[in-house]
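Morning, everyone. Please have the model open on your screens while I talk. I'll take it piece by piece.

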Amino acid sequence: MDDYQGILEQIFVEAGDLLGRGKVADYIPALAEVSPRKFGMAIHTVTGEDYGVGDWREPFSVQSISKLFTLTLTMGFLGEAIFERVGREPSGNPFNSLVQLEYENGIPRNPFINAGALVLTDCLVTHTPDARAAILDFVRGAADNDAIGYDPEVAASEADHGYLNRALGNFLKSFGNIDNSVEDVLDVYFHQCSLAMSCRDLARAAAFLAHDGVSPLTDEMVVTDKQAKRINSLLLTCGMYDTAGDFAFRVGLPAKSGVGGGIVAIVPDVLTVCVWSPELAKSGNSLAGTRALELFTTRTGLSVF
């Protein structure tokens with residue numbers, strides 16, 4: 001068995017050399033206030049062990065990592081029928097592209113770009129009495145942490161500066177791919193992006209994807225094994241936006257990133273690993289976080305390839 005704690009401690013030192021070389025997301029003002037020197041990394045195994053280093057217990061804004069959870073919830077309601085409204089292909093374009101959406105007649109390329117996530121959120125607004133509460137209940141249960149909540153400052157900052165997301169929402173509505181009020185959908189979307197979770201929370205919350213759809217914490221089925229396979233495949237091909245290929249080349253794991261600097265990755269049948277470092281590369285993915293995961297798969301030999 002690998003010495004996961006020892007490996008994390010080695011990575012903490014090596015990946016730290018990249019701190020100061022990226023840029024914190026500043027187009028959402030609340031994120032610009034986060035210290036760029038933060039770094040945390042956590043592991044949760046399918047047998048229930050937790051390991052961590054650095055700021056692994058400190059909550060941060062998960063941003064687009066939340067799309068993993070809304071996809072899971074939506075598949076619970078609609079199954080694969082959701083893919084009649086959103087595609088399954090890598091975008092090859094920025095995650096907030098309007099051009100691609102127009103070219104493809106209002107069908108987002110995949111669930112993890114912003115337009116695709118808005119469609120998922122619209123489905124949750126339709127199928128739940130309170131979509132914000134449904135998302136919160138899900139992540140709290142999946143992570144076994146009732147203290148998880150929305151960050152009101154980040155949610156307000158998202159809403160105040162979410163011009164492009166409003167454009168995407170209205171564009172989707174014009175093509176008939178949003179059923180509810182655009183503002184209602186955006187309110188839920190801005191809140192889900194403001195979820196504050198730690199590396200430990202995220203590693204635990206995503207662990208069902210490493211365990212054939214069953215939570216290692218509760219032994220309850222979250223999704224079917226087939227659905228877990230589908231979600232993992234989408235994470236591998238689309239979870240890191242237009243650098244999914246480079247991430248697969250370097251790291252070799254299904255993963256989802258967020259502009260808050262977090263990345264959560266899945267090692268099927270073994271563990272989940274989450275890293276947080278707020279400074280981003282030009283791709284919008286965490287610079288030191290990506291390097292840390294590359295070091296992790298190199299040291300452990302754990303990869304899907």
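Helix α5 is mostly covered: eleven of its 14 residues are buried. Buried here means under 20% relative accessible area, exposed means over 50%, and partly exposed is in between, with a 1.4 Å probe and protein chains only. Helices are DSSP runs of H or I with at least four residues, strands are runs of E with at least two, and both are numbered from the N terminus.

This is a predicted model, so local features need pLDDT of at least 70, side-chain atom pairs count only at pLDDT 80 or more, and totals for chains, interfaces and linings use all residues. Residues are numbered from 1 along each chain as its sequence is written, and side-chain values use heavy atoms, with hydrogens and water left out.

Back to α5, residues 114-127. Its buried residues include N114, G116, L118, D122 and L124. What do the buried residues of α5 pack against? They pack against α3 (66-78), α4 (99-103), α6 (131-143), α8 (163-174) and α9 (182-193). Contact means heavy atoms within 4.5 Å.

Now the length. The expected span of a helix is 1.5 Å times one less than its number of residues. For the 14 residues of α5 that should give 20 Å, and the end C-alpha atoms are 20 Å apart, which agrees.

Next, helix α13. α13 has 14 residues too, and they should span 20 Å. Its end C-alpha atoms are 20 Å apart, which agrees. α13 is mostly covered, with ten of its 14 residues buried. Among them are A288, G289, L293, F296 and T300. The cover over those buried residues includes α1, β2 (40-45), α12 (244-250), β8 (262-267) and β9 (271-276).

Look at E294, in helix α13. Is E294 buried or exposed? At 17% relative accessibility, E294 counts as buried. Not counting residues up to four places away in sequence, E294 touches R250 and V251.

Now a helix pair. Two packed helices are described by the angle between their axes and the distance between the axes. Axes are lines fitted to C-alpha atoms, for helices over the stretch in contact, and angles run from 0 to 180 degrees between N-to-C directions. Helix α1 (residues 4-15) packs on helix α13 (residues 287-300) at about 140°, with the axes 10 Å apart. That makes α1 oblique to α13. Angles under 35 degrees count as roughly parallel, over 145 as roughly antiparallel, 65 to 115 as roughly perpendicular, and the rest as oblique.

Who meets whom? From α1 come Y4, I7, Q10, I11, E14 and A15. From α13 come A288, A292, L295, F296, R299 and T300. By class, this contact has eight nonpolar, two polar and two charged residues. Ala, Val, Leu, Ile, Met, Phe, Trp, Tyr, Cys and Pro count as nonpolar, Asp, Glu, Lys and Arg as charged, and the others, Gly among them, as polar.

Last, the loops. F175 sits in the loop between α8 and α9. At 36% relative accessibility, F175 counts as partly exposed. Leaving aside neighbours within four places in sequence, F175 is in contact with E102, N105 and G106.

D212 is in the loop between α10 (199-205) and α11 (225-238). D212 has a positive phi of about 55°, although it is not a glycine. D212 is partly exposed, at 48% relative accessible area.

D269 lies in the loop between β8 and β9. Its phi is positive, near 70°, in a residue other than glycine. D269 is exposed, at 54%.
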